[in-house]
Amino acid sequence: MRVHLDVLAWLHVLWGVFGLLTGLSLGVLALATMAAFFEMGGGSGLTPAVWVLLMSGGVLVVGGGAMVISGRALLARSPRGGTALLALVAPNIFVLPFGTALAIYACWVLLNDDARREFGRPARSPLTS
């Protein structure tokens, strides 16, 4: 299970870096679009397109940062890292196809009794009827 936890952590770090880079590139694109509108005499250049680019870039930067931080916390075997990764399953499930696969893999790894033991928690007791 240790290998699965490490792989999951590094996949989240990598996915977070992609999110950070994409968000930063959208921010640069927003600034360039604003400058182009200003050059053409369009006033302030804060058009709806610029706002959409800025907001999308901001969401990706925040999400990517959260993914990197939670992945690093999982590498350190912090219980908060596992909780944070489980919280990030919800938004990741809608990012097709890699986010969905990563979310399913995260659920499989983190909700396993072996993973609970890795974090120093006792295994869940089986349901008895």
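## The largest pocket

In this predicted model, the helices α1, α2 (48–75) and α4 (89–92) each supply at least two residues of the lining of the largest pocket. That lining is made up of 14 residues, and among them W15, L60, G63, N92 and V95 lie nearest the centre of the pocket. Sorted by class, the lining residues of the largest pocket comprise 8 nonpolar and 6 polar residues, with no charged residue. The space in the largest pocket comes to about 300 Å³.

## The second largest pocket

The second largest pocket holds about 180 Å³ of space, and its lining consists of P79, G82, T83, L86, L110, L111, R116, F119, R121 and R124. Helix α3 (residues 79–87) contributes the most to this lining, giving 4 residues. When the residues lining the second largest pocket are sorted by class, 5 are nonpolar, 2 are polar and 3 are charged.

## How α1 and α5 pack

Two packed helices are described by the angle between their axes and by the distance between those axes. For helix α1 (residues 2–39) and helix α5 (residues 98–110), the axes come within 10 Å and cross at roughly 150°. Angles over 145 degrees count as roughly antiparallel, and α1 and α5 are therefore roughly antiparallel to each other. Their crossing is left-handed.

On the side of α1, the contact is made by H4, L5, V7, L8, L11, H12 and W15, while α5 brings F98, G99, L102, Y105, A106, W108, V109 and L110. The residues of this contact divide into 12 nonpolar and 3 polar, and none is charged.

Methods:
Residues numbered from 1 in each chain as written. Predicted model: local features only at pLDDT ≥ 70, side-chain atom pairs only at ≥ 80, totals over all residues. Heavy atoms only, no water. Axes fitted to C-alpha atoms, helices over the stretch in contact; angles between N-to-C directions. Parallel < 35°, antiparallel > 145°, perpendicular 65-115°, else oblique. Left-handed = near helix turned anticlockwise from the far one by under 90°. Contact = heavy atoms within 4.5 Å. Nonpolar A, V, L, I, M, F, W, Y, C, P; charged D, E, K, R; others polar. 1 Å grid on protein atoms, 1.4 Å probe; cavity = no way out; pocket = protein on both sides within 12 Å on 5 of 7 lines; lining within 4 Å. Points joined across faces, edges and corners; volume = space filled by probe spheres on them.
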